[in-house]
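Hello,

Here is the structure I promised to pass on to you. Please have a look at it first, and then read on for what turned up in it.

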Amino acid sequence: MSTETLPGRVALVTGSGRPRVGNVIVRDLARWGFRVAVHYNRSADLARETVESLRDQGCEAAAFGADVGDQVAVERMFADVLEHFGRLDVLVTTASLWKTISLEAMTADDVLQNFRVDGLGTLLCARRAGLI
């Protein structure tokens, strides 16, 4: 992306509430002039802290909670983002489970849980963003 700013555009970054990859991306998008939607699932307090920090820097930001592996929750999150910002220009999907499990302890349920968030969650969000 060029270094020019993109004022008024809106970006949603899934998995950006916690201080991980998504959080770095949402902060960079804010520096480029985007209004940003900070997504979280179980890290509401951290997402609110991120939003407050971005607002202190002059960025329009809001936090939106959803389990990205749940289609109804994804639909609701996108509706809330559109209601708040009036548009969506960019989607970045970084939501992921960060649970370390040894190969010996891994179960089929562990794999399915990861697929639900990492695979299905990405698909559901990309589908919804594409329909906008």
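A residue is called buried when its relative accessible area is under 20% and exposed when that value is over 50%. By that cut-off Arg128 is buried, because its relative accessible area is 17%. Please keep in mind that this is a predicted model.

Let me stay with Arg128 for a moment. It belongs to helix H4. Which residues does Arg128 touch, once its neighbours within four places in sequence are left aside? The answer is Val74, Glu75, Phe78 and Leu82.

Two packed helices are described by the angle between their axes and the distance between the axes. For H3 and H4, the axes come within 10 Å and cross at roughly 40°. This angle makes H3 oblique to H4. The crossing in which H3 passes H4 is right-handed.

Helix H1 covers residues 21–31 and helix H2 covers residues 44–56, and their axes come within 11 Å, crossing at roughly 20°. How do H1 and H2 lie relative to each other? They are roughly parallel, because angles under 35 degrees count that way. H1, too, passes H2 in a right-handed crossing. Here Asn23, Val26, Arg27 and Ala30 of H1 meet Thr50, Ser53 and Leu54 of H2. The contact of H1 with H2 has three nonpolar, three polar and one charged residues.

Now to the inside of the model. The largest nonpolar core has 20 residues, and the members that touch the most others are Leu12, Phe64, Met77, Phe78, Val81, Phe85 and Leu88. Strand E1 (10–14), strand E3 (61–65), helix H3 (71–85) and helix H4 (108–131) each give this core at least two residues. Which element supplies the largest share? It is H3, with six residues. Another core, of 15 residues, lies apart from this one, and includes Val26, Phe34, Val38 and Ala61.

- Leu12 sits in strand E1. With a relative accessibility of 0%, Leu12 counts as buried. Beyond its neighbours within four places in sequence, Leu12 is in contact with Ala37, His39, Met77, Phe78, Val81, Leu88, Val90, Leu91 and Val92. Between Leu12 and Glu75 there are 63 residues in sequence and 13 Å in space, C-alpha to C-alpha.
- Val81, with its neighbours within four places in sequence left aside, is in contact with Leu12, Ala37, Phe64, Gly86, Arg87 and Leu88.

Finally, here are two loop residues. Is Gly86 buried or exposed? Gly86, in the loop between H3 and strand E4 (90–93), counts as exposed because its relative accessibility is 58%. Gly86 and Val10 are 76 residues apart in sequence, and their C-alpha atoms are 8.8 Å apart in space.

Ala66 is in the loop between E3 and H3. Its relative accessibility is 7%, so Ala66 counts as buried. Leaving out neighbours within four places in sequence, the contacts of Ala66 are His39, Tyr40, Asn41, Ala73 and Met77. Ala66 and Gly22 are 44 residues apart in sequence and 15 Å apart in space, C-alpha to C-alpha.

Enjoy exploring it, and do write back with any questions.

Best wishes

Methods
Residues numbered from 1 in each chain as written. Predicted model: local features only at pLDDT ≥ 70, side-chain atom pairs only at ≥ 80, totals over all residues. Heavy atoms only, no water. Core = buried A, V, L, I, M, F, W, Y, C linked by side-chain atoms within 4.5 Å. Buried < 20%, exposed > 50% of the residue type's maximum accessible area, 1.4 Å probe, protein only. Helix = DSSP H or I, 4+ residues; strand = E, 2+ residues; numbered from the N terminus. Contact = heavy atoms within 4.5 Å. Axes fitted to C-alpha atoms, helices over the stretch in contact; angles between N-to-C directions. Parallel < 35°, antiparallel > 145°, perpendicular 65-115°, else oblique. Left-handed = near helix turned anticlockwise from the far one by under 90°. Nonpolar A, V, L, I, M, F, W, Y, C, P; charged D, E, K, R; others polar.
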